[in-house]
Amino acid sequence: MNDQENPVSKNTPASSASTKVELSQEMSLFSITMIGVGAMIGAGIFVLTGLAAGAAGPGLILSFLLNGIVTIFTAMVYAELGSTFPSAGGGYVWVRDSLPQPSGFIGGWMDWFAHAVACSLYALGFGAYSYLVIKMLNINIPVISEEFASKLLGVIIILIFTYINYRGASEAGLAGSIVTILKIIILAVFIIAGFVSILKNPTTSLSHFRPFMPEGFTGVLFAMGLTFIAFEGYEIIVQAGEEVKNPRKNIPRAIFTSLLIVVPIYILIAFVGIGGIDSQEPTWQFLGKYKELAMVEAARQFFPYGEFVLLIGGLLSTMSALNATIYSSSRVSFSMGRDGSLPKIFAKIHKKRRTPFMATLISALLIIAMALALPIHDVASAADIMFLLLFLMVNMAAINLRRTNPSQKRGYIMPWFPYVPILGIITKLFLAIFMFGYSPVAWYTTIIWIIGGVIFYYAYAKERYSEKVEEIVKTVHEEKEVVTKEFKAMLPIANPESIKPLIKFAAPIVNYNNGQLTLLNVIDIPALLPMGGGRKYIKKSRPIIEKAISVSEKYDIPINSIIKISHRTEKAITDTVKNKKIDLLFLGWRGYTRKSDYIFGSVIDPIIANAECDTMVLKVRKNKLGKIKNILLPVSDIRNTRLSIDMSANIARAFNAKLHLLHIMPLRSTNKSESLKKKIINRLNGFSGIEKENIIIEKSSNIVETILDYSKKYDLLVLNTPRESIFKMFFVGNKVQYIAKNSSSAVLLVKKYEGRLKTLLQKIFGTRKIDL
């Protein structure tokens, strides 16, 4: 806050406020790339390598290479559509909006089923790996067979992750990135150990690659279809499109970067898996015999404890993929329930946890049914066919969307249009049809599901779907742009009871700076609920915004308002500060926190630390703020508090109030009050207009209690937010928090923004004394 900034005229009309609804964009390029890599390096490469080697022989290397090429065609389509039309529904939304019905419905119907079937595959892989761990521990499971025991363990893990998704927990963010990096490290160790094994006996190892295609090119194509699911995870990048920072650039970058990481890893795994194993029979037959446990057996030969390491990697991969696909499956069915394609029960959100619990539960039942009904190779084939057909439809949608929206701004434009999506259509259709020779059961399952979808569409969804789409378009059309001015302040609001005192405090400061106040309400939703799902809560937010606008109008200041949907309230606020170029942020504090590892709370602490603007945090008693005529600012070292004094002086001028500085000396100090006052005035050098009579000198052995005693005589007590290091704040606690909590007057915590580098240094090391 600076009164020397170029002001905007106060005469600008203040009353008209518009409310804009925004989805918070929280995911960085690294985060979204790790999600794509983590989804692709899921259970597929661990579970299907043995089955695919048995089908193609050493030609598995060619299968992975060709799958990478085939994937590039549709990846370019996803990169263009994802950067142009980012949506939580991904491919389903593009097909719905560009192809004639019932194509849109069938696209979503297949997308839901494909993720559910993929989830069944991962659960079966987890069951097989878990059963192997049980055997290694010499634990016998009586009565039931190995196959049934593996399926039972798979059902148990499905139920566990269904409950986790119901509660709203998630592997997203840092934890998900760590799991992905750990999987890459395990596979890198496997590849390096495999190369070492090959180099020990290169002649024998190279002989394992002859003949290269023992089952002919047909076997290569079977392996391509079977392992295609291991290449499809990049579409999850697009499903998170509404949450990605700068989606026009970062979605294409994330898609291509993830493929650039994953495809070489797959090819190298196939090479060392076939070349490095010691076996009396052809190594590809050896791997095929071990099926989903082939990677584990290869690792056992490659290096000590390799079996255990690969089991850990496999369990991590199957669990993370299971969590992601339960999430994706429920997200697609939730989106379809929301737009009327599926019954309303799919769109139900839990009142307390704010998760699509019914979509999650029904998806889990479908996943369990597929896991119990089909063998693992048929489950994998059914998932592959569904994804191939879905991607075929997305390629068709890309052609149509280019034709119907030629002037739409695109973040990425695919080259060689329309040949790229046409090649995508041809290759996906060919592989899907060819899979009939490998697993007729998978094709029968797919046909039954599609026919059931067509019947359901005409019997139930057709009319409801059309009505719902009209409603959604109308809602989006009513959103308006916000007004902006030179000096910009922002006030996040959540509690209706605190609106009056917060605006009563903020308005004079905004008015004094001839600025504008933006009111922000953040709808906080769980990580597993799609961003669009938060729109259900907009109706509850509007009365809060409308009350704030009504209170603000009497202060004659320009008001804008934003309702933001976010998975993390603090991130939504700091991002809005940065994106809207806010100069001053007002926050309200209730005066306590329930969490011992925070100073002011889990939301306010990170905002204070990361907001790129000046920050003021106000605490009032019983949500009432009286007239501010006298302000008290405790200070210690003047050299370290000049910025705080300047901020406090501006607050005093805004309220036409008197500002007093309180300096507390130790009892044994020999300094005289008058000489110390002169010294303080000299150090200020006319800074902020502080006079000698505005300075109070007090001797005390208890600084905190002295400040609390003096604060009783003042209307507002101003304190600096802590600038101690994060380590000291955690272990020692904080005097400021105690004073703010126990003061009988209103308390204002202030922080002057001093740039990114200083803020980072202060957070880590603590570069200043605490100002008391």
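I take buried to mean under 20% relative accessible area, exposed over 50%, and partly exposed in between, with a 1.4 Å probe and protein chains only. I am working from a predicted model, in which local features need pLDDT of at least 70 and side-chain atom pairs count only at pLDDT 80 or more, while totals for chains, interfaces and linings use all residues. I number residues from 1 along each chain as its sequence is written, and side-chain values use heavy atoms, with hydrogens and water left out.

**Entry 1: the chain as a whole**

I looked up the secondary structure and found 28 helices and 11 strands in the protein chain, where helices (H or I, at least four residues) and strands (E, at least two) are DSSP runs numbered from the N terminus. Of the 772 residues, 59% count as buried. The accessible surface comes to about 32500 Å², of which 59% belongs to carbon and sulfur atoms; such areas come from the Shrake-Rupley method with a 1.4 Å probe, and for residues only the protein chains shown count as cover. I then checked contacts, meaning heavy atoms within 4.5 Å, and noted that residues 24 or more positions apart account for 84% of the contacts with a separation of 6 or more.

**Entry 2: nonpolar cores**

For a nonpolar core I used a set of buried Ala, Val, Leu, Ile, Met, Phe, Trp, Tyr and Cys residues joined through side-chain atoms within 4.5 Å. The largest has 201 residues, and Phe505 and Phe586 are those with the most contacts inside it. Helix α5 (residues 103-136) gives the largest share of this core, with 19 residues. Another core, of 35 residues, lies apart from the largest one and includes Ile573, Ala611, Val704 and Tyr714.

**Entry 3: salt bridges**

I counted a salt bridge where a side-chain nitrogen of Lys or Arg is within 4 Å of a carboxyl oxygen of Asp or Glu, and the structure holds 7 of them.

The side chains of Arg410 and Glu80 meet in one, at 3.1 Å from N to O. This pair links distant parts of the chain, 330 residues apart, with Arg410 in the loop between α16 (376-404) and α17 (419-434) and Glu80 in helix α3 (residues 60-84). Arg410 is buried at a relative accessible area of 14%, and Glu80 is also buried, at 0%.

Glu281 and Lys289 form another salt bridge, at 2.9 Å from N to O; Glu281 is partly exposed at 27% relative accessibility, whereas Lys289 is exposed at 53%.

Asp575 forms a salt bridge with Lys571, the closest N and O atoms being 3.0 Å apart. The two are separated by about one helical turn, because they are 4 residues apart in helix α21 (residues 569-579). Lys571 counts as buried at 15% relative accessibility, as does Asp575 at 12%. Elsewhere, salt bridges that share partners join Glu80, Arg402 and Arg410 into one network.

**Entry 4: a surface patch**

I also looked for patches, made of residues with over 30% relative accessible area and no salt bridge, with like charges joined within 9 Å and nonpolar side chains (Val, Leu, Ile, Met, Phe, Trp, Tyr) within 5 Å. Phe436, Tyr444, Ile447, Ile448, Ile451 and Ile455 form a nonpolar patch on the surface, with about 610 Å² of accessible area together. Ile447 lies in helix α18 (residues 440-477) and is partly exposed, with a relative accessible area of 39%.
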